[in-house]
Amino acid sequence: MTQPAPGNRRTDLTELVSPQEALPTRKAHPGELVKYRPQRPDDYDPGIVLVGCGGIARHHLEAYRDAGLSVTGLVDVNLAAATALRDRFYPDAQVFQNHHDALRATDAEVFDVATHPQVRPSIIRDCLRARRHVLSQKPFVLDLDVGQQLVELADEMGVYLAVNQNGRWAPHFSYMREAVAAGLLGETFALRMSVDWDHTWVAGTAFEHVKHLVLYDYAIHWFDMVRCLLPNSRVERVYATTTRAPHQAIMPALLGQVLIELDNAQATMTFDAIVRHSPQERTYLAGTQGVALSLGKGNNDQQVTLTTDEGAYHPNLIGKWFPDGFRGTMCELLSSIREKRPTLISAADNLQSLGLCFAAIDSAQSGEPKRPGQTRQLPG
Ligand SMILES: NC(=O)c1ccc[n+]([C@@H]2O[C@H](COP(=O)([O-])OP(=O)(O)OC[C@H]3O[C@@H](n4cnc5c(N)ncnc54)[C@H](O)[C@@H]3O)[C@@H](O)[C@H]2O)c1
């Protein structure tokens, strides 16, 4: 075989070697086929009104702008907050001081309600009665029965009520969730999740006064992931504890841990929310046919390894929880409306995750294991 002259190298290697000499074709790992990136419906852009223009709202708007979605209205009792976000993200949108005015003045089909849960149910109720689809921020409600009434109202009005459980589209969780759904791990039976980070930024904000800040406001994403990653197991009981760290200055206990007993699986979660050095987040999921491990310093820099009989595969994950998680939830809602199918993030489904969360908090307060669904209101 003649070699190309130096300086005139051919780059097509198949021309340089005979078929016998060709490199063996690489066998694709099944993990390469997992589709975890949120997809937006490209022929449906119904107009969105965002209610509540506080700290989280800019992540919603960044995600929607990058996805090319139309936000036509922004609402906040503090009109200056709505105006500032309007000017930054959607200069043509209208601003309103209350959702009633927005319901009257716009024909947007989707209302994205991102206030705190105390004021949210009445806003959601008004939007549903006006036959608008609603995406509620998490944690959905403070009372499971109120949540159930909202679910029934949405059904009665023939509109969607979904919850912004955006952790499901954080790239590492989305990848693991889709790998489980595709059956790559077989039946999953063991889940270990730990988060060590510093959450003391809440000092001076409304979150400082949330008694069960860690297990309620933060861990709701992880309670929800337990259900996504162990989809064929039923939670029997949950046991949790919380305590204060020696150096913490704010009211809510910043250390929390949870033990979850399922009918054919088990799960544990630990949250150390006042670690100032070497933060770490880990998720380990074992199934009958494989293991998925996600590791990193925090939510936004996770590396996943999927190990099956075919070997280990390390997906080069694209994106970050903030803002891709927010793109994921809104695009899932819009796709389900467009395709007239049940949405993955239905409020009815979310009540199961919240029921698990409330049971854990009840357990942490009482010192007794609890069954999900029995604790109807956020304890304390
Ligand atoms: N990953 C996530 O999805 C994520 C992250 C952070 C916060 N959150 C959730 O988002 C919600 C809001 O959090 P935040 O950090 O933006 O709080 P925030 O206190 O910064 O903002 C709340 C906003 O709602 C406005 N508001 C209050 N009552 C209103 C009403 N009746 N109508 C219109 N606007 C009203 C306030 O003026 C304020 O601007 C909370 O439930 C929180 O748990 C979710």
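Which of the 23 residues around the ligand come nearest? In this predicted model, Gly-52, Gly-54, Gly-55, Ile-56 and Gln-137 come nearest to the ligand. By class, the shell around the ligand holds eleven nonpolar residues, nine polar residues and three charged residues.

The domain assignment divides the protein chain into domain 1, residues 48–167, and domain 2, made of residues 168–320 + 343–366. Taken over C-alpha atoms, the centres of domain 1 and domain 2 are 26 Å apart. Contact between them involves 17 residues of domain 1 and 21 residues of domain 2. On the side of domain 1 that touches domain 2, two elements give two or more residues, namely helix H5 (144–157) and strand E6 (161–163). H5 gives the most to this side of domain 1, with five residues. The side of domain 1 that touches domain 2 comprises nine nonpolar, seven polar and one charged residues.

An open sheet is formed by eight strands, in the order E8-E9-E10-E7-E11-E12-E13-E14, with mixed pairing. Strand E8 (235–243) and strand E14 (311–313) are the edge strands, and each of them pairs on one side only. From one strand to the next, the twist averages 10 degrees. Strands of a sheet pair through backbone hydrogen bonds, and the pairing can be either parallel or antiparallel.

At the E8 edge of the sheet, E8 runs antiparallel to strand E9 (residues 255–262), and eight bridges join the two. Within this pairing, Arg-237 stands opposite Glu-261 in E9.

Towards the E14 edge, strand E12 (residues 290–296) pairs with E13 in the antiparallel sense, over six bridges. Leu-293 has Thr-305 in E13 as its bridge partner. E12 and E13 form a hairpin, and six residues lie between the two strands. E13 also runs antiparallel to E14, to which it is joined by three bridges. These two strands, E13 and E14, form a hairpin with two residues between them.

Thr-308 was considered individually. Thr-308 belongs to strand E13 (residues 303–308), and its bridge partner in E14 is Gly-311. Is Thr-308 buried, exposed or partly exposed? A residue counts as buried if 20 or more other C-beta atoms lie within 10 Å of its own, and as exposed if 12 or fewer do. Thr-308 has 19 other C-beta atoms within 10 Å, and is therefore partly exposed. Leaving aside residues up to four places away in sequence, Thr-308 touches Pro-30, Leu-184, Gln-289 and Gly-290. In sequence, Thr-308 and Gly-31 are 277 residues apart, while their C-alpha atoms are 9.0 Å apart in space.

How values were computed: Residues are numbered from 1 along each chain as its sequence is written. This is a predicted model: local features need pLDDT of at least 70, side-chain atom pairs count only at pLDDT 80 or more; totals for chains, interfaces and linings use all residues. A residue is near a molecule or strand if its C-beta atom, placed from the backbone, lies within 6 Å of it. Ala, Val, Leu, Ile, Met, Phe, Trp, Tyr, Cys and Pro count as nonpolar, Asp, Glu, Lys and Arg as charged, and the others, Gly among them, as polar. Helices (H or I, at least four residues) and strands (E, at least two) are DSSP runs, numbered from the N terminus. Two residues are in contact if their C-beta atoms, placed from the backbone, lie within 7 Å. Domain bounds come from an automatic or database domain assignment. Two strands pair if DSSP finds at least two bridges between them. Axes are lines fitted to C-alpha atoms, for helices over the stretch in contact, and angles run from 0 to 180 degrees between N-to-C directions.
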